[in-house]
Amino acid sequence: MLDLSIPTTSSDAYSQQRTNPQPAFKSELFQQTFETENMHKAWKRVKANKGAAGIDGMSLEQFPKWAEAHWPQCKAQLLQGKYQPSPVRRVEIDKPDGGKRQLGIPTVIDRVIQQAISQTLTPLFEPFFSENSFGFRPNRNGKQAVEQVQRIIKQKRNIAVDVDLSKFFDRVNHDLLMTHISKKLKDKSLLQLIGKYLRTGVMKEGLTSPSYEGVPQGSPLSPLLSNIMLDNLDKELERRGHKFARYADDCVPRAQAAA
């Protein structure tokens, strides 16, 4: 078995986060993120998702051998706050409706670390997300979003607004996102590491560009970060009494037609 072990703290703290609505003030979450069980779960998820190599050229098949030799040093850098993520590799794919979608492919080790962070943060944020949000959430999917829209139509709300936030992932404000994250997460070490991933930069054709905004599509952490960022939108639509279903950056609010 791939050895991604790390010294642990409280064995019960992670499970307590699932039901504790209070912010995490201590550094426990940072250490729990890199506990053996969480890291193995993260590696299995990254391996199952497949995907191409990052800027270092390392494939998923090559990662276990690399980890056996280099994970202890990488782990030590993480604990000391000295770890620096690699820039993501920029690729473009065709969109079904025309144009290009920009993806950012992290290295395998950064994908594993990001997946581990996502697994730690999800129990902290997930209970507070809107029931009208369906994208990138446990036990939720696009089919459920469509079914919700169908239920709204049956309520005779016959004015629809189809909202697609253009280039949302490319334009996320880092400071605002970190403010939203820090409302529930008070673990400074974990906040600093997330900030590093947001600012890590992009490499295209051998040239690295800094990241001043956006979260790269293609990274394991981006789906959760996008839901954290858009949760305020969900809450505002609910406050205004709109019926809607949101899937990532696509949203279909429906308003009652005037008599």
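The lining of the largest cavity comprises eight nonpolar, four polar and no charged residues. Here Ala, Val, Leu, Ile, Met, Phe, Trp, Tyr, Cys and Pro count as nonpolar, Asp, Glu, Lys and Arg as charged, and the others, Gly among them, as polar. The model is predicted: local features need pLDDT of at least 70, side-chain atom pairs count only at pLDDT 80 or more, and totals for chains, interfaces and linings use all residues. Residues are numbered from 1 along each chain as its sequence is written, and side-chain values use heavy atoms, with hydrogens and water left out.

A cavity is a set of points, on a 1 Å grid over the protein atoms alone, where a 1.4 Å probe fits but cannot get out; lining residues have an atom within 4 Å of a point. Grid points are joined across faces, edges and corners, and a volume is the space filled by probe spheres set on the points. One cavity of 30 Å³ or more is present. The largest cavity holds about 80 Å³. Its lining includes Val88, Gln114, Ile194, Tyr197 and Leu198. Helix 9 (188–199) and helix 10 (222–239) each contribute at least two lining residues. Helix 9 provides the largest share, three residues.

A pocket is an open set of points with protein on both sides within 12 Å along at least five of seven lines. Of its 47 lining residues, Phe136, Ser219, Pro220, Ser222 and Pro223 are the closest to the centre. By class, the pocket lining has 18 nonpolar, 13 polar and 16 charged residues. Helix 5 gives the most to this lining, with six residues. Ser219 and Ser222 also line the largest cavity.

The protein has ten helices and nine strands. These are DSSP runs numbered from the N terminus (helices H or I, at least four residues; strands E, at least two). Of its 259 residues, 46% are buried, meaning under 20% relative accessible area with a 1.4 Å probe, protein chains only. Among contacts (heavy atoms within 4.5 Å) with a separation of 6 or more, 74% join residues 24 or more positions apart.

The largest nonpolar core has 45 residues; Ile113, Ile117, Leu177, Ile181, Leu185 and Leu193 have the most contacts inside it. Helix 5 (108–125) is among the helices that each supply at least two core residues. Helix 5 gives the most, with nine. Such a core is a set of buried Ala, Val, Leu, Ile, Met, Phe, Trp, Tyr and Cys residues joined through side-chain atoms within 4.5 Å.

Notes. Buried < 20%, exposed > 50% of the residue type's maximum accessible area, 1.4 Å probe, protein only.
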